[in-house]
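Please look over the sequence and the model before reading on.

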Amino acid sequence: MILLKLTLRSLWNRRASLLLTLFSIAISIALLLGVEYIRKEGKTAFLSTISGTDLVVGARSGPVQLLLYSVFRIGNATNNISWQSYQEIASNKLVEWTVPLSLGDSHKGYRVLGTNQDYFRHYRYSDKQPLVFAAGQPFDGVFDAVLGAEVARKLGYHLGDKIVLAHGAGSTSFAMHDDKPFHVVGILKPTGTPIDRTVHVLLEGIEAIHIDWVGGAQVPGYRISAEEALQKNLQPKLITAFLVGLKNRAAAFRVQREINDYKREPLLAALPGIALAELWQAIGMFETVLRIITGFVVVAGLLGMLTVLLSTLNERRREMAILRAVGAHPRHVFLLFVLEALVLVVLGCVLGALLVYTLLFAARPWVMAEYGFYLHTWVPDAADGLMLAVVAGLALLFSLIPGAIAYRRSLQDGLTVRV
Amino acid sequence: MNVIELHNLRYRWRGQTSDTLAIADLHVRTGEHLFIRGASGSGKTTLLNLLAGILVPASGSLEILGQAVYTLDGSARDRFRADHMGVIFQQFNLLPYLSVLENVQLPCYFSSRRKQQVGDLQASAYRLLDHLGLDAGLRHRAVTELSVGQQQRVAVARALIGSPELIIADEPTSALDTDTRDSFLDLLFREAEAQGSTIIFVSHDPHIASHFPRVVDLRELNQP
C-alpha cells in the first residue's frame, strides 16, 4: 500500500513532464480502440448494405459478382435476364415482392439504376431501414429521376434540375442520351450505402432512351424524340437483376434451388447475407493491416513511456537511497518502477477510452448528416478488454528494464547518496 | 548489552587489491554516543553501510543488538534496519514529493515493529516535530519549502520515530552553519536520550567531537 502511495505521489510530483507521456499513451490507446470500433462498425455496415431482401437474382455467374454489380454497382453484369423469366419467378406463390434492377448507363460517373416504385417500397438497408426522401418524391413519369444523397450533394443538384444520362458506365462516356433529359423529382437522404451514389429512374425511362439505339450505338438517321418515345411500348424485354422478398424466409433455400434449376435460362439466386460475408472475406485484408499499424502505434507509445522511465533513473537515485535507509528492500524499489508503469498505462487506457467515447459522441450528428451512417455508442466488449490487458502486460514487461536497473543500483549504492 | 560488537572485521570492494576496511575491535554500549572521525575516503561510508546491513563483512563478526545481522539474507537485513535503525544523511534526506509529516512517518510503513512501538503515529510525529522546534504550520508543507536546517531536523524526527535502538548519522551537520549546528546537536542528543537510542555519528569535522563523550579516529581504528 505504501508503495502505491509513494508511486502516486512521485508521479504527481513529476506530473508536468509525465503528462505528455500519458497523452501519447492515451492517444495510441484511443487509436487502437477507435480502429477496432471502425472495423466492427464498418463490417456491420457493410454486411447490412442490403437487408430485408431474401434473394438477389441475376444471370448465372458467381454470387459475389452478382452482388457487386447489383447491390454495389461495381463492374458489369455478364448477361441480362429476360423479362419473361422475371415475371414467371415473380408470380411464384412463395414470393411476396420483387424489385427489378436494370443497370448499364451512368451520369457523370454515377451509375444509373432503372427500377420501379417497388424499389422505394421494399428496399431496406442497415437495420431494416427504408429509403427516406430528403426532398421530393418517388418517380412517376418516364423521364423522372431520383438521386442518391451523394450524387445530389457532389453535383449540386436540386429538385427540377435537368440531367442527361450517358451510355455505358464510364465517367467520360462520349455517347450521351442528350436528346432525352431527365428531371430530378426526388433526392434521398444519406444511407451510407451505394444507393447514395446512384441515380434512380424508371425501367421505362431506360427503355425510352435506348429506343433508337441498336447494339450500343445510336442508329444513324433514325431518331425518335422524347415525346414520340412516350407513345411507344416501353415494356422492357431485358433486365439486369432483381431482388426477391419471400412470404416466409425459411423458404429461401427452396426458392433459391428452384431459381438455380430454372430451365428456360441460366439464372443465379444468391442469399445476400452469405454473399456479403463472402465478399467481406475477400476484401477483409485491410482489417489485418489496420490492426498491425495500430499495434505499432501502441508499441511506440509504450516505448515513449519506457524512455521516460529510464531517463528518470538517475534523478531518482537519491530517492532510492532514502528508501533504502528507511528499510526498503531493492525489491521495493523495483516495484516502484513497475507500479509507475502500471499506473501510467491504466490512466492511459482510461483516458484513451474516454477520448474514443467523446470523439464518437461529438462526431455522431455530423457523420449522420453527411454520410447517413449512424455511429453507435461505443461499448467496450471482451475483445477490447483483452486488447487493453495485452497493452498493460506489454507496459509491465517494458517496465522490468528500468525496474531491474534500479534494483541493481540500489543494491550497489546502498545508503550512499549519489546526486 | 552492547549495541555494536565488532571483531576482526574486514571488507574489500570487488576488484580492489587491498582491504578497504580492517577493524580489530569496536564495542559500543547502549546509550553511548560515539563520534567516529574520518576524512572522506577513509572508509567511512563503507563502515556505515556495513553497520546498516547493506554490505556484509568479508570476514570477522559484526553483531548489532546481539544479533549477527550479516548472516541474514538481504530482505531480513533490510527488515532489521527498518526495525532497529534510524539513518540521517548529510543532506537530501527527505522525499521531495511527501509532506513533512509523511516523511517523518515513512519508516513506520516499512517496519511494523516501529509502528507498534510508536502507538499513535500522527501524535508521535507531531510530538517529535514539536520537540525539534518545527512549527505546527510546517507539518503539512512540502519539504522543499523548508530551509536546510529545518530539513535536517525533519530527518532527525524521521530517524527517531518508533524509537529505534541505533541512530546512524553521516555528516548531518556539514550543510549547517555553526549556530544551527550546535542547536541541531543538542536536539539530537536530547531526543535520542529521551528514548534511549544510541548514536553513531560520523564526520570529518573535529569541532563537533567535543560534544561527544566518546571519540574514535577511523584512521587509528582502521588498520588494513
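This is a predicted model: local features need pLDDT of at least 70, side-chain atom pairs count only at pLDDT 80 or more; totals for chains, interfaces and linings use all residues.

Helix α6 (residues 148-160) of chain B and helix α7 (residues 178-194) of chain B cross at roughly 15 degrees, and their axes come within 11 Å. The two helices α6(B) and α7(B) are therefore roughly parallel to each other. Their crossing, that of α6(B) with α7(B), is right-handed. On the side of α6(B), the residues that take part are Gly149(B), Gln152(B), Arg153(B), Val156(B) and Leu160(B). They meet Thr180(B), Phe184(B), Leu187(B), Leu188(B), Glu191(B) and Ala192(B) of α7(B). Sorted by class, this contact of α6(B) with α7(B) has 6 nonpolar, 3 polar and 2 charged residues.

Helix α3 (residues 100-110) of chain B packs with helix α5 (residues 121-131) of chain B at an angle of about 120 degrees, and the axes are 10 Å apart. In passing α5(B), helix α3(B) makes a right-handed crossing. From α3(B), the contact draws on Leu101(B), Val104(B), Gln105(B) and Cys108(B), which meet Leu121(B), Ala125(B), Leu128(B) and Leu129(B) of α5(B). The contact of α3(B) with α5(B) has 7 nonpolar residues, 1 polar residue and no charged residues. As to confidence, the mean pLDDT of chain B is 88, and 100% of the residues of chain B reach 70 or more.

Chain A may be approached through its domains. The chain is divided into domain 1 (2-46 + 285-413) and domain 2 (55-270). The C-alpha centres of these two domains of chain A lie 52 Å apart. Contact between them involves 5 residues of domain 1 of chain A and 6 residues of domain 2 of chain A. The side of domain 1 of chain A that touches domain 2 of chain A has 3 nonpolar, 1 polar and 1 charged residues.

A helix pair of chain A comes next. Helix α2 (residues 15-47) of chain A and helix α14 (residues 382-413) of chain A pack with their axes 11 Å apart, at an angle of about 155 degrees. The helices α2(A) and α14(A) are therefore roughly antiparallel to each other. The crossing of α2(A) with α14(A) is right-handed. Helix α2(A) brings Ile29(A), Leu32(A), Leu33(A) and Glu36(A) to the contact, while α14(A) brings Asp384(A), Met387(A) and Val391(A). By class, the contact of α2(A) with α14(A) has 5 nonpolar, no polar and 2 charged residues.

How many residues of chain A are in contact with chain B? There are 19 residues of chain A in contact with 25 residues of chain B. On the side of chain A that touches chain B, the elements that give two or more residues are α1 (2-13) and α12 (317-325) of chain A. This side of chain A has 9 nonpolar, 6 polar and 4 charged residues. For the complex, the predictor gives an ipTM of 0.89 and a pTM of 0.78.

Note on methods: Residues are numbered from 1 along each chain as its sequence is written. Chains are lettered from A and ligands numbered from 1 in the order in which they are written. Two residues are in contact if their C-beta atoms, placed from the backbone, lie within 7 Å. Helices (H or I, at least four residues) and strands (E, at least two) are DSSP runs, numbered from the N terminus. Ala, Val, Leu, Ile, Met, Phe, Trp, Tyr, Cys and Pro count as nonpolar, Asp, Glu, Lys and Arg as charged, and the others, Gly among them, as polar. pLDDT is the predictor's confidence in each residue, from 0 to 100. Domain bounds come from an automatic or database domain assignment. Axes are lines fitted to C-alpha atoms, for helices over the stretch in contact, and angles run from 0 to 180 degrees between N-to-C directions. A crossing is left-handed if the near helix is turned anticlockwise from the far one by less than a right angle, and right-handed if clockwise. Angles under 35 degrees count as roughly parallel, over 145 as roughly antiparallel, 65 to 115 as roughly perpendicular and the rest as oblique.
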